[in-house]
Amino acid sequence: IAIMPGGGVRANNLRSLIAETGCTEFHMAPVKKRSSTLKNPDCPGAFLTTTHTDSEEITQAVQILKAL
């Protein structure tokens, strides 16, 4: 069992988390939200958003962790 920092972990704050905690494993949800062309049925005139994996964020985080 590993206890990992998570919640708001992004590539841009990974180095400071490593320095401050000494952890080398992290829980991340690197996603981007995008506007959709689908209309929101609960809110007339509004569009739904979709969430997608942010591969650029993953690549940056992996590079930082590999450099440890």
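A salt bridge here is a side-chain nitrogen of Lys or Arg within 4 Å of a carboxyl oxygen of Asp or Glu. By that rule, the structure holds two of them. The structure is a predicted model, in which local features need pLDDT of at least 70 and side-chain atom pairs count only at pLDDT 80 or more, while totals for chains, interfaces and linings use all residues. Residues are numbered from 1 along each chain as its sequence is written, and side-chain values use heavy atoms, with hydrogens and water left out.

Start with Arg-10. Its side chain meets that of Asp-54 in a salt bridge, at 3.9 Å from N to O. The pair links distant parts of the chain, 44 residues apart: Arg-10 sits in the segment before α1 (11–21), and Asp-54 in the loop between β2 (47–53) and α2 (55–66). Helices (H or I, at least four residues) and strands (E, at least two) are DSSP runs, numbered from the N terminus. The other salt bridge joins the side chains of Glu-57 and Arg-10, at 3.5 Å from N to O. This one also spans distant parts of the chain, with Glu-57 in helix α2 and Arg-10 in the segment before α1, 47 residues apart. Through shared partners, the salt bridges tie Arg-10, Asp-54 and Glu-57 into one network. As a general point, side chains of opposite charge can pair when their charged atoms come close.

How open is this network? Buried means under 20% relative accessible area, exposed over 50%, and partly exposed in between (1.4 Å probe, protein chains only). Arg-10 is partly exposed because its relative accessible area is 24%.

Setting aside residues up to four places away in sequence, Asp-54 touches Arg-10, Pro-30, Val-31 and Lys-32, where contact means heavy atoms within 4.5 Å.

Now for the nonpolar side of things. A nonpolar core is a set of buried Ala, Val, Leu, Ile, Met, Phe, Trp, Tyr and Cys residues joined through side-chain atoms within 4.5 Å. The largest one has eight residues: Val-9, Ala-11, Leu-14, Leu-17, Ile-18, Phe-26, Ala-61 and Ile-64. Two or more residues come from each of α1 and α2, and α1 gives the largest share, four residues.

Within α1, the buried residues are Ala-11, Leu-14, Leu-17 and Ile-18. They line one face of the helix because, seen down its axis, they fall within an arc of 100°, taken from the directions from the helix axis to the C-beta atoms. These buried residues pack against α2. The face turned away from them carries the exposed residues Asn-12, Arg-15, Ala-19 and Glu-20. Just after α1, Gly-22 takes a positive phi of about 80°.

Ile-18 touches Cys-23, Phe-26, Ile-64, Leu-65 and Leu-68, not counting residues up to four places away in sequence. Leu-38, by contrast, lies in strand β1 (residues 31–39). Leu-38 and Ile-18 are 20 residues apart in sequence and 40 Å apart in space, C-alpha to C-alpha. Leaving aside neighbours within four places in sequence, Leu-38 is in contact with Ala-46, Phe-47 and Leu-48.
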